[in-house]
Structure formats: structure tokens, C-alpha cells
Amino acid sequence: MIEFKKTVIGHKKSPLISIDFLELKAGELYILIGKNGSGKSTLLKSIIGFNSLLSGEVLVEGKNITSFSKSELSKTVSFVRSTFPQTDYLKVDDFIALGRSPYTNALGRLSLLDKDIINNSIQTLKIAHLKGKFTSDLSDGERQLVSIAKALTQDTSIILLDEPTAFLDYSNKSHLHQLLKRIAHETNKCIILSSHDLDLSLDTNCSFLAINNSTKELHLVEAPAEKSALLNMAFS
Amino acid sequence: MSLTKKQLYFLIIAGILLPVLCVVHLFSGQISIEFQDFSNSLFHYNNQDTNQIIVRELRIPRMLMAVIAGGGLSLAGLLMQTLFNNPLAGPFVLGINSGSSLFVAFSIMTGIPFLSSDFGIISSALIGAFSFGVLIMFFSLFVRSHVSLLLIGLMLGSFTGAIVFILQAASSSEELKSFTMWAMGSLQNTELSQLPIISSLFILGIIGSILLIKPLNTLTIGEEEAKLLGTNYKTIRLVIIVITALFTGLVTAFCGPIAFVGLAVPNLVRIIFKTQNHFVLIFASVFIGGAFILICDILIQILESSIHIPINAFTSLVGAPFVVLIVLKRLA
Amino acid sequence: MKRMLLLILVLNLFGCSPTSETKSLPEQKKENSTVSYASHFDLIQTGDDFLLHFMSPESGEIEHRFFLTKTIDSSRTGYTTIEIPSTKLITLSGTSIGMLSTLDKQQLIVGVSNKNYVYDPKTRTRIENNEVIEVGEESNLPLEKIIQSSPQLILYSGFGSDFPGSKKLNALGIKSIPIYDWRETHPLGKAEWIKLFGALSNSYEKAESYFNEIESAYFELKEEAKTLSESPTILSGNLLGDIWYAPNGNSFVAQMLEDAHVTYKYREAKGTGSVQLSLEQVIKDNTNTEFWINPGFSSKNAILELNTKLKHIGPLDKNTYCYSHNINLFWERSAIEPHHVLSDFIQIFHNVKTSDSLYFYKNIE
């Protein structure tokens, strides 16, 4: 699904992460961990093409990420950012429906299929009670759920999430991780989420992408992962 | 995006209100006109009948320009506010009006006959609007906060204002008078014969905006999000600036600068319709913007026997307090 | 720009309305007053000397008192002394040049506002030869340049208050006097100011005799006009922006039109300033009006360029007259030649030959 070949990720003068060769599969949830500032967000943004690679390539479904058109890319990869837009008078339904934009016509008209997919996402995330509210009236936690619903609606084979559980309480965090894992399996998507809560992530029992604190390399640690090993690698 | 029944009804009401106000406007001058005069002026025009002349040559152009100025500036304001994610954006505050004014000032005060002709002034206004549109877009690349961009727009306005003052000091009193009059704004300076081209450009701008409904909807959640949804941001941004410059330049060229409409009306529309669906917002802005200017001009005509108020002053009188209300509401 | 709009709006809302009436002037004239028609100044002869009073055009109260004396070191309590005859004058008012040149005393002028607005050929030559300086607008005078040319007096137009710098100049011995002729509404009231210039330049008798001449000429023409049977209708004024400004019924122009025995369209409008009208109203009122004067332009094209809708003003095609083909001549000399203006009006409106050719006006093509 996603292949990294001799990839170096970072900003112009400072490389942050290097990946010799890595392949991420469909149907899996990967949790990306690393110290603060180690480049987690940058890595995710590089996959979606918002950040240029310092060297090497990233292939999605066998194709180089840079050769995707904007339209193709939006149908292949979706991204849940850590910040939420401050827009007035935007209903939750409309916000989530924007996830269908890559597929709708010039006027943005929603077909029956589009509406189905939107409802599905709402059901999956159990946020039906938020329909009809304005996004500006939601709590931080509700906003995160709504953002994820939008990403689901975008129906992409890859979903990237940047610290999606920061504002959720513990039981909801854990619930969300489990949910995303299930979605990855059931819909055969490749989902990567970044997190800095190691204990919680371990409970999810999935694979990890750890940024080695000393070598700055990205390592894949398959499930079940061992806590002390991860701690050593990423946080010492 | 969704469209509720309530929104649809409001939209229809606004759509009906506009032609009703047009008719009221036609009949609200100091000279009383019969309906006969009106229909004759259109279908059996007798160019010796004073009443018919007044309706056909004075009132109809004035009424149409009110709609075009109100609708055009409001739609330009809406586009600016969506592009910059800033409800306080507008052609006036972002300096696009100033760009037009500056170029028109040059045209009038250089004394070169071609430039101070109608055609010269219109071209200058359009070029000025577009140049400043590009300029503010350029600044937007470096500026994060909403307020900063507005400040830059206001500074652009002050800067051009200063240049205009210098030009004024150097020009003859005739030219000065001419420019001052232009700056007061007027809906009465267009000929019936010019209306076809003005209306065509106006409709062109509306059609252009309608074709942008989906990208505009994605822009409501920000540039990055819009890009993630597949919107070709750079192209869309350019098209928005072109359409905005078209409306602003067109109105500024034929009516002079008219303040606050572009800023106030889209905000009013969002407050009434409570949506970010640009299908609703575009039509509502045109209807309500046109209605707003018509109402202002109707009041101006009613007051004409005691006091003459230029349109620009009127829109500022009404618009400025409204904008203060919006700012207070947002801060609350 | 915005500030200007606000200013205009404020002025419109809170007074300064052009249609406000001037209050009636209390009887301030003393015996030995030489002034009969002018309301804003009074000139009283006392032997060789003169008492000069200026009355505020708003309140009618005396606001300045000058003692014009030939005797050095003479003075009078309550009066500012001005030595006569004057030797050097700076004038910010165009009509002053006209009046001084009528008395052949324009060589007293050492400064004018703007050489482009001067008609008098002798003065123009003197400007070319640097014998006369240019000082620009009243609101912004170059004090040092003025002091350098050491004038005795500055004649200003007085748009409401003393001009900036007048106190400084006064302290240096340069006095200033307001020339309010432009605010006189009686046709002969403006011309009568020539008596002031006569007093200043040691040619009072000449000024008086000149004035008497034009006074009789004026009344003669007025009587003649009364006998003419036709009373054509006249429109005056033009658009400024969206508003048409026409002279009010008691204004200078309206009174002259009255004396020319014509029907001025807006003579019912009260006041001495202008009445504001919409273009619609003007078009509607003047479908049958026979003449249009003072549109402010010298060609039909120029008028249409201002606003193409002016083509609907009835008399535009044939019977429009203006002085704008020689604006400087008009502004400089019409005040001192009201009989010529009246003659022009009678000739134009009644088609009666009162002189070989028109003095000021021309038909607009």
C-alpha cells in the first residue's frame, strides 16, 4: 500500500527521519510514536505531499506520490489534522459532507450514494446526536470525532491522523483506537495515527512505527510490541 | 451541502423582494410618474414626453445600477470573506476599492483626454481593482492572522489616499472638483446604452461564482483542508480575485467607490441563513445586496426635498454601525 | 477621501446649508456715508480722511474698523490706522484687480493669488517681469515671501474668518482688509466697492464719478427692459455631482435677471445662496424654458462630458449662453461692470441690440 524507498524526511536544512525501506500494508492500523519534535507530523505531511522529501521516494499503491494529481490524491489519502477550522454557521452534517467533495459535481450536489456514505460514517463514530449542531458549538473532543467522520466519508484507502486522541478522555481514546483498527481490517484501509501516549497505544495491540531517538530511523515494530523495547528506541 | 426548507423559503422571499423594491424605487422620485409613463417609456417611447424621458433615461438606469452595485459588491465581499476565511474582509477594507480610486484619480488628473473619457476611467478602475487584488493576495501569503491582513488592506488604503491627496494638491480646481464628485459615489452616471454591457459583465461574474460553489464550500474550512479535499487552491484563488476585481472595478468605474456593502451584506446573509452553503450565500448576497442599495437610494430620493445625501455617505452611515455590531458579536 | 465625505455630510446636516437666509442687516450707516447699495462695508468721509467699516455678512455687525488717513501718525480710538494713499497691495481677490485697473491704479499691486486667473493685461505683464509675485491660496500663504515684498496691505476674500498668518503680518505692520464684494447680493452693491479702492488709492472722486455713471446706465437699461413685452423663461446653474445648484431668488444673479425683465425659473426659492435640485426636477421644470445661462462650460461637448443626461435640458441645443470662453475677464470685470452684464442679458433674452456685441457672454456651441 505505502512504500518508502531510501526516504529522508525533514525541512530544508534539517533532516528528521530516514527510512531505508519500509512497506505498509492495507488492512492495518499503524501507530506512529516518537518524542515531541521528532517529526511525526512532518512524516504524515510528507506522505500526503504537503512536505517535500529531502530524498528518496514514497509510493502509494505502486505510484510515486508526486505523480498523483490533486484530484487523485484526494481520493486516495485523507488527513485528519490536529487543528480544527474556526468557521461560523457550519453544520456538522455539512462539514462531514465536505468529505465527499472529491466525488461530487461542480455544484457539490450529493447523490444518494454520497448520503449513504455520510450516514455510515456518522453511525460508525456514534455521533448522530451531533447532527444539526454548528461545528463552532462543539467541544474539542466532539470536533475530533467529527473530523474523523469526515475523513471516513472521503472514502480513501489511506487515512492519516495527527494526534487524533489528544482531547478525548481515556475510555474514548481507547475506544477510538479499537474502532480505527476494526475499520482498517474491515474496509481494508491502511491507517496511520500518531500518538504520544504509549500505554494506551500498547493496549490496542497493533503495529508500531517508532522513530529511533538516536539514529532518527523509522522502525516497524510488528504486533504484539514490547513496551520497554519501544521506550528505549523512541524515548531514551 | 444541505439546504433546509426554511432557507429555501427565505431565498425565495429575498428573490421576490428584489423586483418589488425595483418597482418601488422606480416610483419613489420627487416627480410623480404614472404607470402609463413607465410602460410607454419601454414599449412606445416618445422622446418628447418629459415623464417618459425621466423614466427611461434617468430612473431605469439608476435602478439597474443600484441592483448591480449592491449585488456585485456584496458578491465580491462574499468571495473575499471565503477566500481569506475572514468575515471582516471586503473590497473596501482590503484596499481593492482604493486601487480603483487611485487609478481613476490618475486618469482624471493627468488631463490626458483619452484617459479621462468614460472608456479611460472604466479601464483604469478595472486595472486598478485587479492590481490591488493581486497585491493583497500577495500579502496574504505572508500573513497568518485575519487582523493583520485587514491592517495591511487599510494601510494600502491610506497609502493610496495619500497619493491621491498629493495628486489633488497638484491638479487644477476643475479636475479636483471632478474627482471629489466621483468619490462621493453616484448611481446616476450611467446611460441606458451602457447598461447592456454592464449587465452582461455582472451576470458573467455571477455565473463565474456559481461555477465555484464547490471549491468555495471547501474553502470555508480553510486552505489546507480545501487542498486535502482536492481543490486546486492556486487556480481557484486566482479566479476569485479576477471575479472580485471584475465586480469591484465595474461598480467603482460607473458609480465611484461605495463603502461597506461588500463587508456588511455577506455577514448579514450568513446571520439570516445560518449556513456556509455557497449556493445559498451567492444568491442571497446578490438579492439582499441589491435590495440594500435600492432601499438606501429610495430613502435618498424621499429625503431629496430637504437634503441631498450621496450614496457613499448613506451606506457608510448604515453599514458602519452594523459592522461594529458584527465585531462585538464575534468577540462575545 | 472618507474624511471629505464625512465633512460634506456634516456640513449638510448641521447648518452651512446653502439655502440659509442672511439675516436682515441693522441700520449701521452713519451720516456722511458714501455707500448706498453695498451692505458689507461703509465708507464715511471726514475731510481728507475716511472711516472704513466692514460688516460681517452673517450677522451684519461691524467687525472691523479702519481709519484711512493721509496724515502720518494720526489715529482715532477704536480704529486701526491705515495710511493712504497705499503704495503696495497684495490682493487675493480677482475683482480687486478689476476695480484698481478701472481707476488706472493697478500698479499698486505687488502680489496676486495665481497668475493664471488674472485678466488685466498690464498686471499680467508685470507678473511676467517679476514686479508682481504669486502667493497662492488664502488658506496657505507663504508668509516669508509676502514679508519680503513689503506690502502695506493685504486684500483678502474672507471665507469666514481671518486667514492664517494675518496676526503675524499685522504685528509686522502689514494690515489686512476683507473684500466682501462677492457676498453682496444687490447688482450695484458689488460695483460700489470701487469707492473703497478709490479711497485707498487717492482717486476717490474718480471712483465716485465712475460709479455714478454705471449706476445711471444700469437704471436706464432696467427701465428700458421694463418696456419690453416679452418675458422669456430662464434656467441658470448646473450639476455638481448628482445635484443641480441654481441661484436662489434673492441672489445676485436672480436679481439681475429680475432687472432684465425675464422670468427666472427658481425666483421663488428663498435665500441668497443656491437651491439644490435633482436632475429629474430640473428636466421636468424646464421643458419649455427658453434660455439656459451659466452652465459653467464653453462648449456643448464639455457640458455633455460632465453628464450625458444633460442633453435632455431643453435649451441646450440653441439657447445656452455662458461667460466661460473668457472666465478671467468675467470674474475680474463683471462686478465693476454690472451694466454690461445687464446689457448682455437684455440683448440675449429680448433680442434687442443694446450694444455692438456682447461684453461677457457667448452662445455655446
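## Salt bridges in the model

A salt bridge here is a side-chain nitrogen of Lys or Arg within 4 Å of a carboxyl oxygen of Asp or Glu. Counted that way, this predicted model holds 20 salt bridges over all chains.

## A pair across two strands

Take Lys6(A) and Asp20(A): they form a salt bridge, with the closest N and O atoms 3.1 Å apart. Lys6(A) sits in strand β1 (residues 2-11) of chain A and Asp20(A) in strand β2 (residues 14-24) of chain A, so the bridge ties together parts that are 14 residues apart in sequence.

Both ends are out in the open. Lys6(A) has 56% relative accessibility and counts as exposed, and Asp20(A), at 54%, counts as exposed too.

## Across the chains

Now for a bridge between chains. Arg81(A) and Glu225(B) meet through their side chains at 3.4 Å, N to O. Arg81(A) belongs to the loop between β6 (77-80) and α3 (92-97) of chain A, while Glu225(B) is in helix α11 (residues 223-228) of chain B, so this pair joins two chains. Arg81(A) is partly exposed at 22% relative accessibility; Glu225(B), at 4%, is buried, because the cut-off for that is under 20%.

## Within helix α11 of chain B

## The six-stranded sheet of chain A

Over in chain A, six strands make up an open sheet with mixed pairing, running β6-β7-β8-β3-β9-β10. At the edges are β6 and β10 (218-221), each of which pairs on one side only. On average, neighbouring strands in this sheet are turned by 20° against each other, ignoring direction.

At the β10 end, strand β9 (residues 207-211) of chain A pairs with β10(A) in the antiparallel sense over four bridges. Ala210(A) stands opposite His219(A) of β10(A). Helix α8 (residues 227-235) of chain A packs on the sheet, where it touches β3 (29-33), β9 and β10 of chain A. The direction of helix α8 makes about 30° with that of β9(A).

Notes
Residues numbered from 1 in each chain as written. Chains lettered and ligands numbered in written order. Predicted model: local features only at pLDDT ≥ 70, side-chain atom pairs only at ≥ 80, totals over all residues. Heavy atoms only, no water. Buried < 20%, exposed > 50% of the residue type's maximum accessible area, 1.4 Å probe, protein only. Pairing = 2+ DSSP bridges. Axes fitted to C-alpha atoms, helices over the stretch in contact; angles between N-to-C directions. Contact = heavy atoms within 4.5 Å.
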